[in-house]
Amino acid sequence: MEQILGVAIGVVLVCLLLSIIASQVLEIMAAFTAKRAVALEMAILKMVGDPGLYQKFASHPLIETISFEPAKLFGFSLARAAKPRPTYIASPLFTRVLLVSVAEMHNLPSTDVTAIVASLPPDSALRQKLGAIILGIEHDSAACVSAVEQWYDGTMDRVNGVYKRHTQTWLIALGMALAVVFNANLFLVTQRLWTSKDARDAVTATAQMYACKGDQPCKLPDYETARSEIQSKLGDELPLGYDWRYVQHYWQTGADPEHGGARTIAGHWIFNFAGWLVTAIAVSLGAPFWFDLLNKLVNLRLAGLKPDKATPVPASGGTAVVAAAAISLPVPPDDSATTG
């Protein structure tokens, strides 16, 4: 059981550190491409259905204060349009700014939702949406505002789902790239951990550094820590990275028919690709998943398995207990035998 637990801790630790690196790279990519801001802009533009209304909404002072330009790489922007955009808007702020923007465009003295719906053109897409949202609660202003906020929150949930799927795809791609760069084949890692107690002990000692201890803050390691752990500690104990002398020998003798020829080369690459693919899929699960799993495994190893409870012996009318007590008592000597 201890061997299985050590192998599991080692595999989870490798997946955790690779996931941290992939997540950090993905965050950098998102900062340069402004993917979150672009997704939010497209969602709001689709909600209001009017580019002019959206421009007025985006230029409102409350929105401008939370809008920032995307990061630039060597002075060049990788985003579609290098303009300030918000990456997150709370539902109360969205509802307030939207109602104010519509009221200003139509010179309305009030931001009441019912009045705004009545002032919009009959063929307006926003009027049809808001009219359906407040249907039946037109006379309750607070309920109308709350319904608009719920409409925005529901839209953001769907946008987050799309963004999460997009992130999942990129995590698989980054996981595959990291698996190839670090030669992280989970099949080989599992084999080394299963056959080497020294590797299991070294990896377990490293994993215990990330376990949550008592009331101390529990947080993921940063990018530099994850990268250094793979290069300095795990690289010495696990089959990570490349031995360039082996690579040179492989390319010199791999095609030799005496060493198996093309069939051996194909089998070798199929095995490597399968191991890298498994690593990429594992990385796509995300660092929080592997971090929680690592803590559970480390705590299980430190605490040990829970012992089995004692099985109670059934007793009928107390006779069994009395009999057991009588058997355990010493028999007193017979005085009559000694005196006679």
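A: Helix α1 is followed by Ala34, which has a positive phi, near 55°. The model is predicted, with local features needing pLDDT of at least 70 and side-chain atom pairs pLDDT 80 or more, while totals for chains, interfaces and linings use all residues. Residues are numbered from 1 along each chain as its sequence is written, and side-chain values use heavy atoms, without hydrogens and water.

α1 itself covers residues 2-33, and its end C-alpha atoms lie 46 Å apart; this agrees with the 46 Å that its 32 residues should span at 1.5 Å a residue (the expected span is 1.5 Å times one less than the number of residues). The chain has 16 helices and 2 strands, taken as DSSP runs numbered from the N terminus (helices H or I, at least four residues; strands E, at least two).

Two packed helices are described by the angle between their axes and the distance between the axes. Axes are lines fitted to C-alpha atoms, for helices over the stretch in contact, and angles run from 0 to 180 degrees between N-to-C directions.

For α3 (residues 51-58) and α5 (residues 91-105), the axes come within 9 Å and cross at roughly 120°. That makes α3 oblique to α5 (under 35 degrees is roughly parallel, over 145 roughly antiparallel, 65 to 115 roughly perpendicular, the rest oblique). From α3, Leu53, Lys56 and Phe57 meet residues of α5 including Phe94, Val97 and Met105 (contact means heavy atoms within 4.5 Å). This contact has 7 nonpolar, 1 polar and 2 charged residues, where Ala, Val, Leu, Ile, Met, Phe, Trp, Tyr, Cys and Pro count as nonpolar, Asp, Glu, Lys and Arg as charged, and the others, Gly among them, as polar.

The axes of α7 (residues 125-133) and α8 also come within 9 Å, crossing at roughly 115°. α7 and α8 are therefore roughly perpendicular to each other. Leu126, Lys129, Leu130 and Ile133 of α7 contact Ala147, Val148 and Trp151 of α8. By class, there are 6 nonpolar, no polar and 1 charged residues.

Asn183 counts as buried because its relative accessibility is 14% (buried is under 20% relative accessible area, exposed over 50%, partly exposed in between; 1.4 Å probe, protein chains only). Leaving aside neighbours within four places in sequence, Asn183 touches Leu178, Pro239, Leu240, Gly241, Tyr242 and Trp276.
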